[in-house]
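This report describes how the elements of a single model are arranged and how they pack. The structure is shown below, and the description follows it.

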Amino acid sequence: MTAQGDPTPGTVRPGGRTARTRSAVRDAVLTGLAEHGYPGLTVEYVAERSGVHKTTVYRRWGSVEGLVADALDLAGEDTWTPPDTGSLEGDLRALAREVTETFGSASAAAAPTAFVAAAFQSDRAAEALRAFYTERFARCESVVRRAVERDEAPPGTDAAAVVRAVSAPLFFRALVTREPVDAPLADQTAAAVAIAVRAGAYLPARR
């Protein structure tokens, strides 16, 4: 149990921590994940790197799991919006290219790769990562909605399934087989998914 008014360690208390402190801690977590990976990340490292006292870090975040989860929560509070190029294939191409840009260099890929690795070692990190992408998929509903309005996709097309389809081959190469990903591959993937969308491949399965 915690004292009344104190947050459970590792949870966010609205208004309870300054944006500046939270941002500094988040940046330290990202740097630590990139440099040392999840197994090498420690509260002591985050405290020293962020300039936030170790006692404060333990009280507010509780553990490395809490730090990683909150870093993902904070990432999900950004202002990112899906592309609007005027066509379904163009939007999918832009989404796919964002993935290739993220994993196109070792330095850019370090933190997101570490987040995925953390999700395999921590249930809490896995939940946070899942929530992050669920929220991202929700933002991408506008891509499919516009495609339906332009008669590029049948009504009822599952937006989350479409986004998974355009990103999955890229994630597979970047994270599983460790192959390079580039713009031509992104464009090829987007073109294939756009064809599948028009064919109704991402409509809810009939039972």
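## Elements and overall form

Helices (H or I, at least four residues) and strands (E, at least two) are DSSP runs, numbered from the N terminus. On that basis the chain holds 10 helices and 0 strands, and from the N terminus on its elements run α-α-α-α-α-α-α-α-α-α. Taken along the principal axes, the C-alpha atoms of the chain fill a box of roughly 55 × 40 × 35 Å.

## Basis and confidence

This is a predicted model, in which local features need a pLDDT of at least 70 and side-chain atom pairs count only at pLDDT 80 or more, while totals for chains, interfaces and linings use all residues. Residues are numbered from 1 along each chain as its sequence is written, and side-chain values use heavy atoms, with hydrogens and water left out.

The pLDDT, which is the predictor's confidence in each residue from 0 to 100, averages 87 over the chain, and 91% of the residues score at least 70. Among the elements of the chain, helix 6 has the lowest mean pLDDT (86), whereas helix 10 (residues 183–198) has the highest (97). Over residues 1–17 the pLDDT is below 50, and this stretch has 28 contacts in the model beyond near neighbours in sequence, a contact meaning heavy atoms within 4.5 Å.

## Helix 1 with helix 2

Axes are lines fitted to C-alpha atoms, for helices over the stretch in contact, and angles run from 0 to 180 degrees between N-to-C directions. The axes of helix 1 (residues 19–40) and helix 2 (residues 43–50) come within 8 Å and cross at roughly 125°. That angle makes helix 1 oblique to helix 2, given that angles under 35 degrees count as roughly parallel, over 145 as roughly antiparallel, 65 to 115 as roughly perpendicular and the rest as oblique.

The contact is made by Ala24, Val25, Ala28, Val29, Thr31, Gly32, Glu35 and His36 of helix 1 and by Tyr45, Val46, Arg49 and Ser50 of helix 2. By class, this contact of helix 1 with helix 2 has 6 nonpolar, 4 polar and 2 charged residues, where Ala, Val, Leu, Ile, Met, Phe, Trp, Tyr, Cys and Pro count as nonpolar, Asp, Glu, Lys and Arg as charged, and the others, Gly among them, as polar.

## Helix 6 with helix 7

Helix 6 (residues 106–121) and helix 7 (residues 123–139) have axes that come within 6 Å and cross at roughly 130°, which makes helix 6 oblique to helix 7. Phe115, Val116, Ala118, Ala119 and Gln121 in helix 6 meet Asp123, Ala125, Ala126 and Leu129 in helix 7, and the contact has 7 nonpolar, 1 polar and 1 charged residues.

## Helix 9 with helix 10

Helix 9 (residues 159–176) and helix 10 pack at an angle of about 150°, with their axes 9 Å apart, and this makes helix 9 roughly antiparallel to helix 10. Helix 9 contributes Val162, Ala165, Val166, Pro169, Leu170 and Arg173 to the contact, and helix 10 contributes Leu185, Ala186, Thr189, Ala190, Val193 and Val197; these residues divide into 10 nonpolar, 1 polar and 1 charged.

## Salt bridges

A search of the whole structure finds 11 salt bridges, each being a side-chain nitrogen of Lys or Arg within 4 Å of a carboxyl oxygen of Asp or Glu. In one of them, aspartate 187 pairs with arginine 93, the closest N and O atoms being 3.8 Å apart. Aspartate 187 lies in helix 10 and arginine 93 in helix 5 (residues 88–102), so the pair ties together parts that are 94 residues apart in sequence.
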